[in-house]
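Subject: A structure for you to look at

Hi there,

I am passing a structure on to you, with some notes on what I found in it. Please open it next to this email and follow along.

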Amino acid sequence: MKDTIERVTNARCTGCAGCFNTCPEGAIDMVLSREGFYRPVVNHDLCTDCGLCLKRCPELSWRAPLVPPPAVYAAWSTNDEVRVHSSSGGVFSELARRILDQGGAVAGCAWNERWEPEHVLVDSWDGVARLRGSKYIPSRMGSVIRQIETLATNKEEVLFCGTPCQVAAVDIALSRKARAKVVLADLVCHGLPSLKAFRQYVDHWFGGDLQSYEFRAKTTGWSASRVRARTRSGRSYDVRVSGDPFQRAFQVYHVSMMEACYDCRFQGGARAGDVTLGDFWGVPGEWRDDRGVSVVLANTAKGRSLVEEIAALGLIELHPSDFATAAKGNPRLLSGLRHKPLLRSVFMRGLVGGIPFPTMARLCFPWLRIEQTSRMLATPRGRRIFFSKVRRLITTLSP
Ligand SMILES: Cc1cc2nc3c(=O)[nH]c(=O)nc-3n(C[C@H](O)[C@H](O)[C@H](O)COP(=O)(O)OP(=O)(O)OC[C@H]3O[C@@H](n4cnc5c(N)ncnc54)[C@H](O)[C@@H]3O)c2cc1C
Ligand code: SF4
Ligand code: SF4
Ligand code: SF4
């Protein structure tokens, strides 16, 4: 029996494609699982049992680096156009701009023509615009790691941006020579919901007629961002995040996420990126601005010098902060653990069994609300929040 990557269970695999990019025999394919997440499948006729995929799998091999605590900043792009079209403060685009100015290339997540995200390499400012903005579904990595290795060994600077598990995969897969030319930016990561559920949601709500889709449009500001879409026939959709069923299943009830995201080993301690980017939800009042503020962790000397460089060039505003302030309202900086609702398995069994997402959402949401409320009532803090909400509701309704 060959010892391959198939021993990484569905509960632990993140779909990062580190194994796919490493296999010298092309024996690994990445396919969508029945739950809607990318998984490797090994062709045993091609596999030579070399064991390389196991060595390059972050789930098996990644160890949090021993590095000093990061330098922490609040930051935002000084270009308003960039800032408004980015999910947070637009720091990613300005890092990308600097790498392009030095003749380098940028790898990140773009929509393809089927409205599914995939990681691509770009070498122009128009290309960076395709990467801008969070897409809260799994991004197909394809052969991007191999492409980065080729560019970087030819001495080209490359910026890679992705989820912490993807960044760990790139970090492990690159040769030492290539890694020296690459800047890795990992995102603070809530988790990834099912691509299968997203396909069904898009088909149901937009009927294959989608022209544009944004998970986090700043129509009413950064802190109250909205899901915004347009169809080719001119219909527009613009709702708050908690009012959108797909986002509610993901961000409010946490029921549609990949198994590995409930116990993510790439967050909560030292991180794989040279730089970490996220939303600075707990930003101190003097820097709060509803066009968006990024939290930036400079984890390595390379990351820190690039961040300071773009600040010195006037591409971003940069203000030193501290980890405790940054972690306020951003639990993924503190821990990769998240409560898994009891109903997650029911929800996923429904999806796997062929019950479409809109039906599962309708069936599960009332029960999820009950489950969430009873969990809330089990802690003193939760009870305080619950009763203050009830009091607010009574005040609003009373004549
Ligand atoms: C799935 C996911 C969950 C997140 N959860 C949190 C969170 O809990 N807390 C928090 O503070 N921040 C979270 N973020 C990060 C945040 O949404 C912004 O992406 C980040 O702050 C960078 O913003 P920006 O304004 O600098 O640039 P933006 O232009 O908004 O960021 C674009 C970058 O994000 C990358 N990206 C977009 N979608 C994906 C994807 N599906 N997979 C991999 N990379 C992607 C692109 O490659 C691009 O490089 C999450 C992002 C993603 C993708
Ligand atoms: S053991 Fe080697 S040949 Fe087989 S799948 Fe893994 S990397 Fe490919
Ligand atoms: S390398 Fe990534 S995709 Fe491959 S088995 Fe490991 S976690 Fe899964
Ligand atoms: S939560 Fe962790 S495992 Fe899940 S996508 Fe984010 S980094 Fe990967």
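Predicted model: local features only at pLDDT ≥ 70, side-chain atom pairs only at ≥ 80, totals over all residues.

In which strand does Ser294 lie? Ser294 lies in strand 12, residues 294-298.

Residues are numbered from 1 along each chain as its sequence is written, chains are lettered from A and ligands numbered from 1 in the order in which they are written, and side-chain values use heavy atoms, with hydrogens and water left out.

With 3% relative accessibility, Ser294 counts as buried. (Buried means under 20% relative accessible area, exposed over 50%, and partly exposed in between, using a 1.4 Å probe and protein chains only.) A polar atom of the Ser294 side chain lies 2.8 Å from the backbone nitrogen of Gly89.

Ser88 is found in the loop between helix 4 (80-85) and helix 5. Ser88 is buried too, at a relative accessible area of 13%. Its side chain makes a polar contact with the side chain of Asp279, at 2.7 Å. A polar contact is a pair of N or O atoms within 3.5 Å; within protein, one must be able to donate a hydrogen and the other to accept it, and residues adjacent in sequence count only if both atoms are side-chain atoms.

**Ligand 1**

Ser88 and Asp279 turn up again around ligand 1: this ligand is surrounded by 33 residues, and the closest are Ser88, Cys109, Ser134, Lys135 and Asp279. For Gly89, a backbone N or O atom lies 3.4 Å from an oxygen atom of ligand 1. For Val91, the distance from a polar backbone atom is 3.2 Å, and for Asp279 it is 2.7 Å.

Taken alone, ligand 1 exposes 890 Å², and the protein buries 98% of that. Those areas come from the Shrake-Rupley method with a 1.4 Å probe; for residues, only the protein chains shown count as cover. Helix 5 (91-101), strand 4 (105-111), strand 6 (158-162) and strand 11 (275-279) are the elements that give two or more residues to the shell. Strand 11 gives the most, with three residues.

By class, the shell of ligand 1 has 12 nonpolar, 17 polar and four charged residues. In this scheme, Ala, Val, Leu, Ile, Met, Phe, Trp, Tyr, Cys and Pro count as nonpolar, Asp, Glu, Lys and Arg as charged, and the others, Gly among them, as polar.

**Ligands 2 and 3**

Ligand 2 has Cys23, Cys47, Cys50 and Cys53 among the residues that surround it. Its shell has six nonpolar, two polar and two charged residues. Around ligand 3 you will find residues including Cys13, Cys16, Cys19 and Cys57. That shell divides into nine nonpolar, three polar and no charged residues.

**Salt bridges**

Side chains of opposite charge can pair when their charged atoms come close. A salt bridge here is a side-chain nitrogen of Lys or Arg within 4 Å of a carboxyl oxygen of Asp or Glu, and by this rule the count comes to 23.

Look at Glu259, which forms a salt bridge with Lys340, the closest N and O atoms being 2.9 Å apart. Glu259 lies in the loop between helix 11 (245-252) and strand 11, and Lys340 in the loop between helix 13 (323-327) and helix 14 (344-352), so the pair ties together parts that are 81 residues apart in sequence. Both partners are partly exposed, Glu259 at 24% and Lys340 at 36%.

Glu259 also meets Arg344 in a salt bridge (3.2 Å, N to O). Arg344 lies in helix 14, so this pair ties together parts that are 85 residues apart in sequence. Arg344 is buried, with a relative accessible area of 3%. Salt bridges that share partners join Glu35, Glu259, Lys340 and Arg344 into one network.

Enjoy exploring!

Best wishes

Note on methods:
Near = heavy atom within 4 Å. Helix = DSSP H or I, 4+ residues; strand = E, 2+ residues; numbered from the N terminus.
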